[in-house]
Amino acid sequence: MSNSLEQTITWQCPSNLAIVKYWGKYGRQLPKNASLSMTLDAAKSITSVKWKNKEQKTKGISIDFLFEGKTNPHFELKLERFLASISDEYFPFLNDLHLSIISKILFRTAAESHHLLQQWVHCHYVFVLWKKNLPTQT
């Protein structure tokens with residue numbers, strides 16, 4: 001593969017609001033218990049990863065990270081450490097690449113968010129009534 005060859009992959013994920021959050025993790029970021037949550041399709045994050053061969057052979061992970069168009073050195077370091085912890089065992093090719101990661105979040109307007117919140121409150125109310133085994137009106 002040539003050093004000038006650059007490839008990109010982009011994906012998007014909907015936001016997820018925890019109603020009952022799990023407590024703690026074990027292993028490689030696995031939850032200790034189940035949670036109850038709600039997915040908001042309209043509020044999503046979009047992440048692109050570009051990769052190319054490193055210009056010079058250096059040891060370790062090489063990344064740039066931008067969130068909302070700005071650098072975030074603290075998170076970049078955290079991400080670099082995590083990738084380093086899994087690269088030797090699972091993804092040894094990462095040591096030969098430079099990664100550019102760009103992430104942003106898309107949210108609806110305040111009015112649309114208010115409507116989503118009203119829907120969530122209604123769902124929560126119905127859940128509480130069901131939990132208490134009370135009759136519901138539809």
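Me: Which residues of H1 are buried?

Reply: This is a predicted model, in which local features need pLDDT of at least 70, side-chain atom pairs count only at pLDDT 80 or more, and totals for chains, interfaces and linings use all residues. Residues are numbered from 1 along each chain as its sequence is written, and side-chain values use heavy atoms, with hydrogens and water left out. Helices (DSSP runs of H or I, at least four residues) and strands (runs of E, at least two) are numbered from the N terminus. If buried means under 20% relative accessible area, exposed over 50% and partly exposed in between (1.4 Å probe, protein chains only), the buried residues of H1 are Leu-79, Leu-83, Ile-86 and Ser-87.

Me: Within what arc do the buried residues of H1 fall, seen down its axis?

Reply: An α-helix has 3.6 residues a turn, so residues three or four places apart point the same way. The buried residues of H1 line one face of the helix, because, taking directions from the helix axis to the C-beta atoms, they fall within an arc of 100°.

Me: Which exposed residues does the face of H1 turned away from its buried side carry?

Reply: Here we look at the face turned away from the buried side of H1. The exposed residues found there are Pro-73, His-74, Lys-78 and Arg-81.

Me: What is the relative accessibility of Ile-63?

Reply: Ile-63 lies in strand E5 (62-67), and this strand is part of what covers the buried residues of H1. Ile-63 counts as buried because its relative accessibility is 6%.

Conventions
Contact means heavy atoms within 4.5 Å.
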